[in-house]
Amino acid sequence: MSSVLERLSTAVIAGDAENSVKLVHRALDKGMDPKDILDNGLVPGMDEVGIRFRRGDMFVPEVLMSADTMSAGLDILRPLLAAAGTQLIGTVVLGTVKGDLHDIGKNLVGMMAEGAGFEVIDIGFNVPPERFIDAIKEHQPNIIGMSAMLTTTMRAMGHTIRAIEEAGLRDKVKIIVGGAPVDAEFATRITADGYGSNAPSAVELCKSLASAS
Ligand code: B1M
């Protein structure tokens with residue numbers, strides 16, 4: 001018989017939110033530490049989802065269901081973790097840049113980053129540079145993540161980085177970019193700190209940047 005935490009990981013992979021909520025409650029009833037339930041139940045499930053998505057064995061709708069399942073479990077644990085003063089890995093502010101209304105990919109990155117243990121502040125789509133700047137001042141994130149899906153809006157990423165520099169905040173954050181028309185060469189050109197080709201790779205990048213900061 002597998003452990004509650006193993007079954008919780010399996011529920012996340014299967015996108016079975018109802019079961020994951022039951023299993024989180026069962027683990028808490030057994031006296032398990034909320035951080036242990038997060039680190040050894042929910043997170044390994046979401047890590048496996050990332051691996052399968054990258055391999056092409058899972059597709060966007062399934063990943064969204066897994067992310068919802070992860071969020072359902074996290075909703076129960078979040079107040080308990082906060083009460084225990086548990087440190088999350090870091091904070092990520094995410095937005096789709098000015099002029100761009102596409103947010104599905106950005107949402108996927110946010111859900112997976114949350115699943116990996118980040119606090120995610122989603123500032124939406126069509127976000128002008130000044131809103132990114134306000135969010136840096138308000139939330140003091142480790143990482144700013146910008147998404148763009150149009151060749152016409154990817155330029156707004158560079159404008160946003162310049163605005164963050166001009167506001168004197170560039171050394172306070174790492175900046176990553178992603179979205180279909182964006183690539184690593186473009187990211188380097190606009191002086192971003194990194195590029196994620198998909199949601200799992202964006203999360204891996206966030207983890208390495210947060211641990212280095
Ligand atoms: Co639009 N659209 N769209 N659209 N749309 C595209 C992007 C397009 C490629 C379709 C096409 O022509 N074949 C094309 C862009 C062409 C170009 O610029 N080269 C296009 C166009 C032209 C337009 C309009 C201009 C159409 C019009 O009105 N004439 C218009 C623009 C509106 C605007 O933004 N100002 C428009 C509008 C829309 C809708 C509003 C109808 C809708 C968006 C709804 C929404 O997002 N809530 C929409 C959609 C759905 C698409 C397609 C069909 C799907 C996009 C999507 O969600 N993919 C898209 C065609 C396509 O891609 N097949 C298309 C799924 C998503 C999971 O993938 O977003 O790539 P993606 O995210 C991936 C990675 O890119 C990466 O990780 C994600 C998951 O692995 N990633 C990041 C994304 N952000 C990241 C951030 C990171 C790291 C990784 O770090 C921070």
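The legends below accompany close-up views of a predicted model.

View 1. The cobalt atom of the ligand has a single protein donor, the NE2 atom of H102, which lies 2.2 Å away. H102 itself belongs to the loop that runs between β1 (90-96) and α5 (104-115), so that this view also shows where the chain passes from that strand to that helix.

**View 2. Strands β1 and β2 with the helix that links them.** β1 pairs with strand β2 (residues 118-122) in the parallel sense, and five bridges join the two. Within this pairing, V93 has I121 of β2 as its bridge partner. The chain goes from β1 through α5 to β2, and the β-α-β crossover made in this way is right-handed.

**View 3. The largest nonpolar core.** This core has 42 residues, and L38, F118 and I143 are those with the most contacts inside it. Two or more residues come from each of α1 (4-14), α2 (17-29), α3 (34-55), α4 (60-83), β1, α5, β2 and α9 (199-212). The core draws on both domain 1 (3-83) and domain 2 (90-212), with at least three residues from each.

View 4. When residues up to four places away in sequence are not counted, L38 touches V43, P44, M70, L74, L77 and L81.

**View 5. Strand β4 and its pairing with β3.** Four of the five residues of strand β4 (residues 174-178) are buried, and the strand is therefore largely enclosed by the rest of the structure. Strand β3 (residues 143-147) pairs with β4 in the parallel sense over five bridges, and in this pairing I144 has I175 of β4 as its bridge partner. Together with helix α7 (residues 155-166), β3 and β4 make a right-handed β-α-β unit.

**View 6. Strand β4 and its pairing with β5.** β4 also pairs in the parallel sense with strand β5 (residues 194-196), here over three bridges, and the bridge partner of V177 in β5 is Y195.

Notes
Residues are numbered from 1 along each chain as its sequence is written. This is a predicted model: local features need pLDDT of at least 70, side-chain atom pairs count only at pLDDT 80 or more; totals for chains, interfaces and linings use all residues. Side-chain values use heavy atoms; hydrogens and water are left out. Donors are N, O and S atoms within 2.8 Å of the metal (3.2 Å for Na, K and Ca); water is not among the atoms, so sites may look incomplete. Two strands pair if DSSP finds at least two bridges between them. A crossover is right-handed if, with the strands pointing away from the viewer, the path from the first strand over the helix to the second runs clockwise. A nonpolar core is a set of buried Ala, Val, Leu, Ile, Met, Phe, Trp, Tyr and Cys residues joined through side-chain atoms within 4.5 Å. Buried means under 20% relative accessible area, exposed over 50%, partly exposed in between (1.4 Å probe, protein chains only). Domain bounds come from an automatic or database domain assignment. Contact means heavy atoms within 4.5 Å.
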